[in-house]
Amino acid sequence: MTRLIIRILAALSVIAGLNYVVWRWTASLNWDAWWIAIPLVLAETYSFIDVTLFSLTVWRMSQREDPPQAPPGLNVDVFITTYNEEPELVLATARAALAIHYPHRTWVLDDGARPEMREAVERLGAGYLSRGAEWVDKPRHAKAGNLNNALHETTGEFILILDADQVPYPEILDRTLGYFNDRKVAFVQTPQYFGNVPDDDPLGSQAPLFYGPIQQGKDGWNAAFFCGSNAVLRREALMQLGLTNYVADTEARVRRALAVGQRVVRRARRRPEARDPKVASLLSHVESAIGEGSRRLVAGDSIGDATYRVQANVDAAVRTLVAEDLAGVSIDVAALREELGMDSPFDEATEELDEAVERLAARDLSPLGALESVRAVLDALSVERLHEAQPIMPLSTISVTEDMSTSMRLHASGWRSIYHHEILAVGLAPEDLPSMLTQRTRWAQGTVQVMLRESPLTMRGLSWGQRLMYFNTMWSYLSGFAAVVYFAGPLAYLLAGVLPVNAISVDFFARFFPFMVVNQLMFWVAAQGAKTWRGQQYNLALFPTWIKACTTAAANVWFGRPLGFAVTPKARQEGGRPLRLLWPQAIVAALLVIACVAGIVRWVLGLNQGLGTLVNIAWTVFDFALLSVLIGAAKYRGYDPARESAFQTTKEKK
Amino acid sequence: MRFAVEERDGYTEVSAQGRLNMVGAPLLKATVADAIESGHRLLVLNLGDTEFMDSSGLGALVGCLKAARQAGGDLRIANVGEQVEMVLKLTSMDRILTPYRHVEDAYKDA
């Protein structure tokens with residue numbers, strides 16, 4: 001029944017929205033004020049598309065009843081990821097993980113490699129993992145790297161991933177493993193819920209709309225997102241992903257290296273270092289080796305065989321050169337020794353020489369090392385993924401939100417996903433504004449990175465429903481730009497009397513209000529009693545965060561600039577002046593106040609008396625209502641369990 | 001999973017008997033690491049008695065290939081059964097590793 005009502009409201013929202021937006025584009029634009037009219041109609045179109053995508057999401061909201069029973073005897077690992085969280089917090093999670101009913105092994109993945117953590121974890125009886133020597137001087141890929149490292153060290157068929165602060169319930173595996181009876185299911189995601197959040201949720205930590213209708217809707221489209229924690233994954237799916245990605249990446253890299261290789265070598269031969277006849281002859285060997293590699297690949301040889309040929313030919317040439325050099329040196333030494341009257345046992349010398357050739361011909365000391373561009377080409381002409389610690393990387397490393405990218409790739413390779421809507425772990429949300437902003441920035445940056453690196457709209461293997469589900473989340477992070485325009489609208493009118501629409505008339509209200517009302521009604525019904533107002537407030541109020549995330553992510557993807565990535569602190573950050581973080585919002589608020597006063601003054605002076613001023617003042621008041629969330633956030637001093645205890649007990653009874 | 005390492009003419013044959021899955025994969029890696037450690041460089045993995053291989057097994061193959069290459073040698077595969085051939089195709093791993101028909105073919109060119 002609810003589903004039918006939601007579908008009716010969703011359809012009406014889109015129809016009413018279309019009716020409004022088409023009218024806005026075709027009949028209402030005030031071209032004299034195009035500089036505000038065009039941005040405003042674009043922002044409204046943005047919002048309309050957002051509503052349409054949301055309608056599409058909830059259209060298929062899944063309503064899963066009890067999960068299938070977990071079959072006995074599955075081989076399960078529980079991973080707890082930590083970087084710098086307090087040991088006590090990690091250990092509390094580890095204790096709860098050990099107490100999970102379904103038989104399993106518990107591992108703490110400590111990226112901080114803290115000896116005292118190892119000791120404490122092992123004392124509890126859990127396993128401890130940290131990165132090995134292969135990671136030295138290689139990209140670490142943050143949490144994705146930590147998980148990939150652990151996947152190589154363990155053998156569980158299913159893996160429950162928990163952030164350090166996510167304390168699991170004992171039944172978490174019993175409630176989720178049954179879904180894997182379907183052999184195409186790659187992961188089961190459960191909600192992330194936070195226990196240290198007061199009822200009024202000043203920082204908007206709970207995401208009832210996301211871990212609710214949005215994930216349920218995505219689930220209906222077989223596009224539930226993996227969110228990095230509180231999810232069970234199938235090892236086989238991850239390993240397959242890692243392999244496919246390894247093959248594709250290696251093949252692309254080797255082909256590229258072969259294509260440019262000969263040109264790079266030819267260029268190197270013109271450099272002054274190559275004037276030495278020995279180096280010149282070595283380079284000509286390298287050039288012909290690369291040529292042969294290309295020919296072999298064209299002839300149908302595998303990448304492995306072709307690259308082995310190249311490396312073997314180059315190694316042989318290098319060894320000859322080094323041996324000649326050393327032979328020259330040893331003749332000199334022998335002559336010297338003879339002059340000085342020292343005996344030199346011949347056998348020993350050749351043995352030493354062989355050893356020296358081997359050592360000096362090795363990658364790091366080879367004379368080719370001097371010609372870096374050639375070295376780089378030869379390194380690329382390998383199947384070992386020398387630039388990475390591990391050739392196979394099951395979790396995607398293209399984004400700081402490895403989870404979303406991984407689930408998108410899983411969906412693209414035909415795997416299924418489940419969103420199981422039941423709280424099975426309780427975590428800790430950031431308790432202060434700076435930490436919260438860091439966290440939101442990272443999510444937004446990661447999402448935009450994925451959008452720009454591997455757009456779901458063009459990714460092969462995804463259905464159109466899946467594409468739109470991923471695109472929707474990425475699209476929603478563009479809201480910062482729309483928010484700026486929504487603030488500018490009333491400013492333009494109240495301060496300067498410029499109206500972006502032709503007239504505020506019956507035409508406007510007759511189209512705007514139905515859209516607004518139906519759309520809010522749909523949100524309300526879809527939310528099924530969850531409080532979504534905080535989310536709506538933050539969506540607008542954090543506009544500088546969203547904009548910064550978009551621009552930094554674009555600069556990172558297109559120009560290779562660093563993101564300024566930070567791990568979300570789990571402990572409350574002390575100090576920090578909220579105003580230094582919220583100055584854009586403060587300026588906007590001040591401007592809106594000035595605009596309201598100006599609007600009233602203009603009215604008193606006999607200017608713009610009428611609906612325009614009223615509507616714009618109402619609009620400003622609405623903006624204030626949304627922005628006001630930041631006052632509570634800035635004043636928030638962390639979670640006080642005593643104050644909340646009454647509320648907690650009522651909730652636990654449920 | 002049972003392994004045998006035997007020195008042949010110009011290469012070393014490693015035969016793997018059993019199921020190369022998440023349980024067998026670490027054992028293969030250890031066997032190959034030991035072989036490299038004791039001086040073997042040109043390795044052929046005889047998969048004739050490998051009844052089953054999954055992604056973890058393939059992952060171990062890549063790990064072994066890396067280890068062999070870094071030691072200046074190589075790892076090739078031969079005598080693959082139907083199921084193994086299928087997973088090699090499915091993941092495109094056959095584009096990286098040529099499955100040779102017979103163990104003795106693997107280093108014919110070397």
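Two residues are taken to be in contact if their C-beta atoms, placed from the backbone, lie within 7 Å. The structure is a predicted model, in which local features need pLDDT of at least 70 and side-chain atom pairs count only at pLDDT 80 or more, while totals for chains, interfaces and linings use all residues. Residues are numbered from 1 along each chain as its sequence is written, and chains are lettered from A and ligands numbered from 1 in the order in which they are written.

In chain B, 72% of the contacts between residues at least 6 apart in sequence join residues at least 24 apart. Chain B contains three helices and six strands (DSSP runs numbered from the N terminus, with helices being H or I of at least four residues and strands E of at least two). Along the sequence these elements follow the pattern β-β-α-β-β-α-β-α-β. The radius of gyration of chain B, taken over C-alpha atoms, is 12 Å, close to the 13 Å given for 110 residues by the globule rule, so chain B is as compact as a globular protein of that length. The globule rule is 2.2 Å times the number of residues to the power 0.38. The C-alpha atoms of chain B fill a box of roughly 30 × 25 × 20 Å along the principal axes.

Between the chains, 23 residues of chain A are in contact with 22 residues of chain B. On the chain A side, the elements giving two or more residues are α7 (235-269) and α9 (303-340). Of these, α7(A) gives the most, with 11 residues.

Strand β6 (residues 185-189) of chain A is largely enclosed by the rest of the structure, because four of its five residues are buried. Strands pair if DSSP finds at least two bridges between them. β6(A) pairs in the parallel sense with β9(A) (residues 416-419) over four bridges, with A:V188 opposite A:I418. With β8(A) (residues 231-234), β6(A) pairs in the antiparallel sense over three bridges, and A:Q189 stands opposite A:A231.

How values were computed
Buried ≥ 20, exposed ≤ 12 C-beta atoms within 10 Å, placed from the backbone.
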